[in-house]
Amino acid sequence: MSQDYRLDNIGLINRDKKVSFKFNGKRYYGYEGDTLASALIANGVHLIGRSFKYHRPRGFFGSGVDEPYAKVQLYKNGESEPNVSATEIEIFEGLESESVNCWPSVNFDVGAINNFLNKFLPAGFYYKTFMWPKSFWYKIYEPFIRKAAGFGVVSVKHDKDRYEHKYEYCDLIVAGSGPAGLASAYAAAKNGAKVILAEDKPRFGGSLLTDEVNIGNQSGKDWANKIINELKGMQNVTVKNRAQVFGYYDHNMLVMSERLTDHLAKPKKYTPRQRLWYIRAKEVVISSGSIERPIVFGNNDTPGVVLASAAKEYLKVYGVLVGKKPLIFTNNDSAYETAIEFKKNGINPLIFDSREKPSSEIINEAKNLNIEIKFSHVVVSAKGYKKVKSAEVSKISKDKNTLGKIENVDCDCICVSGFWTPTIHLSSQSGNRTKFDKNIDSFVPNQPKQKETTVGSAKGTFTLEETLKTSFETGYQLSKKITNNDKKILTPSVVEKKFTKHDKFWCVPLPKGKKYKRFIDFQNDVTVSDIELALREGYRSIEHVKRYTTLGMATDQGKTSNLNGLQLVSSIEDKIVPDVGHTTFRPPYTPVTIGTIVGREIGKHSKPTRKSPMHTWHKENNAVFVDAGVWLRPRYYKKGNETLFQASKREAANVRKNVGICDVTTLGKIDIKGPDSAEFLNRVYTNAWLKLPIGKARYGVMLREDGMLMDDGTTTRISENHYHMTTTTAQAANILSHLEYYLQVVWPELNVNVVSTTEQWAGAALAGPRSRDLLKKIFTDLDVSNDNFPFMGYLEGNLSGVHARIFRISFSGELAYEINVESNNGNFMWEKIIQLGKEFEIQPYGTEALSTLRIEMGHVAGPELDGRTISYDVSLEGMLSKKKDFIGKRSLNKPAFIAKDRQKIVGLVPIDKKTSIPEGSHLVKDVNAKLPNPKLGHISSSCWSVEFNNPFSLAILKDGKNMIGQKLFAVSPLKNKVIPVEVVSSHYVDPKGERVRS
Amino acid sequence: MLFIKCPYCGDRSQNEFAYGGDATVKRPEINKEVSDKDWDNFVYLRKSPRGKHLEFWHHVSGCRQWFKIQRDTSTHEIFKTFKVTEEI
Ligand SMILES: [Zn+2]
């Protein structure tokens with residue numbers, strides 16, 4: 001297909017490089033530098049999709065981020081991406097795209113029947129129609145709406161693209177590279193400031209690329225090129241195109257998304273597709289420009305109705321005509337530039353200007369070019385279904401309420417201009433309470449809350465001369481404040497045409513007896529009558545009107561619709577726009593891919609993975625790993641076809657019978673040093689610590705100040721002023737912060753230092769009746785007899801040339817030891833023990849067996865220390881010192897804590913001795929009782945007791961102390977189970993604790 | 001994301017820090033009698049002012065020092081940061 005709408009001698013695209021691409025299965029050609037939109041228009045394709053609610057044909061409306069319609073599904077390298085804006089995506093060889101929101105095809109759309117059923121689809125129709133009957137919602141309404149509405153299809157495949165995050169600091173960030181941005185960045189950079197200049201489009205220069213102006217005796221475009229090239233060469237400047245600053249957060253944190261490879265057919269392998277920049281700037285210049293505002297008229301969504309500025313950009317940047325018989329409909333001077341540009345390229349435009357008798361330099365120029373202009377005339381409606389074929393036009397009265405005789409004018413596009421809306425999103429996001437400027441009928445930034453300055457048309461400055469003057473000054477002043485340099489650049493001279501005032505007119509009245517749809521929000525299909533209906537139904541706050549009608553809530557966030565919506569509300573309500581107020585602007589300014597936000601933090605990179613020094617050994621010995629906080633721990637070591645259940649039973653039984661070895665490196669370890677260490681421990685733990693001898697360990701429990709259990713572990717006195725504390729794996733980081741808080745903030749007088757040594761030591765637990773025999777083999781020159789090395793003893797030894805710390809402590813309830821060596825000797829220790837342990841039938845055991853062993857011994861762990869239990873609840877009240885004060889003690893006399901029927905830990909065995917009780921089940925007395933059935937307690941931990949070969953659970957049970965022997969029901973609605981159970985002691989195995997002391 | 005000046009390390013991003021609560025709350029002295037009311041105030045009762053708030057922060061991924069920040073809770077403006085031992 002030939003590019004019928006492409007001109008030969010105008011535009012900034014690369015004519016030497018032809019690019020082929022596909023749209024809806026059909027192949028087209030464009031040039032390098034085209035957007036999908038410009039290339040399609042060049043080929044005469046104006047129908048690109050169907051509208052959201054009524055499925056009306058839609059084409060192109062804008063030429064950039066303001067585009068409400070032209071969203072496509074993009075296919076590239078086997079990946080698919082929804083809702084890509086055709087006006088932003090640059091074409092590359094092999095690009096494939098499809099219309100969204102139409103079925104079965106863009107030309108024949110079944111949903112278009114909504115267009116004729118529109119009385120069923122008024123504002124708020126989702127709320128009204130689909131609320132009743134309730135049972136219909138999930139099965140009928142919701143699936144239907146989801147299929148009929150919405151845009152593209154999200155890929156459910158893993159995103160193979162690479163995304164990155166980058167952190168940057170600068171003196172000044174400039175958002176937008178139009179004249180205001182270039183001038184500010186240039187002035188600041190020349191004055192020595194570290195500057196980042198960001199441009200959302202591929203080309204720098206903004207309006208200078210399309211405006212007929214002169215700066216310092218050069219065309220605006222050439223001046224922009226010169227400045228950009230100079231900036232690019234400066235060491236203190238970073239210049240980024242295809243980079244959208246989309247969010248302005250606290251403390252001058254700007255977030256920018258940079259598209260690096262979206263425009264390339266075959267990106268290099270490790271080049272990220274997009275990069276998210278977190279930029280902390282000392283000062284921010286917002287030069288985000290302005291967006292043209294439409295005028296609302298009948299059927300103004302017909303393909304071929306475009307913004308006048310977009311028509312000009314297609315012409316001047318891409319050499320593309322949006323039509324060959326253009327009709328310009330305007331209320332201001334800027335659309336005359338579009339008309340003149342058409343004329344210069346041999347096309348005869350027709351101007352309809354709503355103003356009565358405007359006079360200005362550019363209007364005169366148009367007249368001199370013999371362009372036909374009709375003042376006090378408006379477009380009443382567009383005619384044509386899939387493309388504009390003609391327009392109904394009319395004279396309009398001075399008060400803009402009365403139309404004259406309606407006439408038909410042939411045209412193939414309508415270029416509309418309703419003046420300009422400053423882009424205040426970033427400023428508003430930063431906390432700037434914007435104000436309404438009556439001269440330009442728009443909101444503009446007011447007092448900044450953060451360090452930001454808005455310049456150029458984003459501030460409502462619409463002359464180039466004033467823009468350059470204020471922007472050069474802003475760049476200079478801000479950089480001077482930061483760098484203390486005083487090098488000022490002279491502002492160049494400017495030649496531009498003077499414009500006269502715009503008309504305060506944005507909505508063409510309906511002719512009598514006509515019911516044209518007049519769209520305000522093009523993407524969400526919100527019409528004038530929808531807003532009128534919302535107001536009739538009593539919605540007043542603009543935030544409510546927005547939510548009820550969905551005005552401005554689409555992916556374009558109402559860039560072309562917000563002000564017209566406000567204008568309409570204010571004229572119906574007979575208020576002025578500032579009293580109606582605008583809705584809140586929130587980041588992101590333009591849609592950002594989830595991949596960019598996530599960056600490299602995917603899969604295994606989503607959090608750090610900590611592995612013990614023995615990890616490789618575990619892997620080689622068929623360990624199946626489990627996440628334990630950030631650690632990877634062996635859950636069990638699989639032999640043959642064993643299941644988790646079988647393997648853990650085998651491993652636990654071997655501990656009870658012979659000896660097992662478990663990697664306990666992950667336990668939190670804190671080194672405590674200083675003369676006041678004992679006093680500190682005495683305040684931190686509930687039991688007494690002042691008399692712990694050197695070379696002894698002690699079990700301790702910590703509380704929070706509210707009396708709840710916080711953590712437990714053992715602490716060993718290594719020497720006079722040196723202690724080694726262990727914490728649970730999960731709480732290690734919190735406990736260190738907790739200790740630091742008390743030492744630094746509460747008791748700074750204590751001379752104690754704490755430091756984490758978790759990663760410095762590798763740990764192995766040896767547990768089982770044969771562990772002492774094995775220990776003898778490992779430390780041949782040590783006396784490890786029960787007399788010399790009793791329970792809770794501590795020794796240091798030589799493990800085949802490696803220094804080792806040996807603690808006689810036990811989590812499994814068996815005779816047990818924990819050996820620590822420096823981390824880099826961990827694997828050596830492990831292999832040595834395995835080798836020496838062979839004759840004692842040593843087997844490694846994982847966390848599953850570890851749990852089994854501690855549960856049947858009634859030892860508490862995380863599930864019991866869940867932040868809702870006190871010492872009494874887990875039968876650790878014996879460790880509460882009566883003689884001394886400690887953290888949380890004062891809270892323990894609360895009535896609930898000392899209630900007679902206070903909850904307490906118990907053991908549970910199913911009556912049938914077969915059915916395992918799911919953790920989290922609730923305990924009730926009578927399973928048939930009337931609801932709500934009073935809950936007596938919950939199951940905290942469950943295991944299969946290897947000692948008794950039946951299921952066993954720990955539970956926290958109301959009045960648990962007096963419940964031993966009772967029969968209850970464990971109920972798990974989640975697992976759909978009701979299990980009769982008997983309450984037993986929580987110390988199911990070795991209740992007197994003889995084994996650990998044996 | 002806030003930009004916080006650690007009194008020991010200088011300006012750092014918020015993600016290096018952990019919030020530590022109201023810094024005007026003083027823990028009752030250890031080993032001293034304290035009334036139920038005073039203890040209750042210390043453990044549970046906190047003001048939630050709109051405006052200036054003195055609070056503890058912990059430079060967890062840095063020097064691991066606790067320090068104080070005077071911050072506006074509605075604007076997030078940080079007026080000053082101090083060492084624990086310093087007063088406003
Ligand atoms: Zn620090």
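**Figure 1. Helix 5 (residues 179–190) and helix 6 (residues 220–232) of chain A cross at roughly 35°, their axes coming within 11 Å.** The view is taken from a predicted model. The crossing of helix 5 of chain A and helix 6 of chain A is left-handed. Helix 5 of chain A contributes A:Leu182, A:Ala183, A:Ala185, A:Tyr186, A:Ala189 and A:Lys190 to the contact, and helix 6 of chain A contributes A:Trp223, A:Ala224, A:Ile227, A:Ile228, A:Glu230 and A:Leu231. Sorted by class, the residues of this helix–helix contact comprise 10 nonpolar and 2 charged residues, with no polar ones.

**Figure 2. A salt bridge joins the side chains of A:Lys201 and A:Glu313.** The N to O distance in this pair is 2.6 Å. Over all chains, the structure holds 59 salt bridges.

**Figure 3. Chain B and chain A bury about 2,400 Å² between them.** Carbon and sulfur atoms give 53% of this buried area. Chain A brings 31 residues to the contact and chain B brings 26 residues. Within chain B, the trio B:Met1, B:Arg27 and B:Ile30 supplies 26% of the area that chain B buries against chain A, more than any other three residues.

**Figure 4. B:Arg27 of chain B forms a salt bridge with A:Glu705 of chain A.** The two side chains meet at 2.3 Å, N to O. Across the interface of chain B and chain A, 3 salt bridges are found. B:Arg27 is also one of the three residues that together supply 26% of the area buried by chain B against chain A.

**Figure 5. Polar contacts and secondary structure on the chain B side of the interface with chain A.** Between chain B and chain A, 18 residue pairs are in polar contact, counting pairs in which both residues are at pLDDT 80 or more. Helix 1 (36–43) and strand 4 (52–58) of chain B each supply at least two residues of the side that touches chain A. Helix 1 of chain B gives the largest share of that side, with 4 residues. By class, the side of chain B that touches chain A has 13 nonpolar, 8 polar and 5 charged residues.

Technical notes. Residues numbered from 1 in each chain as written. Chains lettered and ligands numbered in written order. Predicted model: local features only at pLDDT ≥ 70, side-chain atom pairs only at ≥ 80, totals over all residues. Heavy atoms only, no water. Contact = heavy atoms within 4.5 Å. Buried area = accessible area lost by both parts, 1.4 Å probe. Salt bridge = Lys/Arg side-chain N within 4 Å of Asp/Glu carboxyl O. Polar contact = N/O pair within 3.5 Å; in protein donor to acceptor, adjacent residues only side chain to side chain. Nonpolar A, V, L, I, M, F, W, Y, C, P; charged D, E, K, R; others polar. Axes fitted to C-alpha atoms, helices over the stretch in contact; angles between N-to-C directions. Left-handed = near helix turned anticlockwise from the far one by under 90°.
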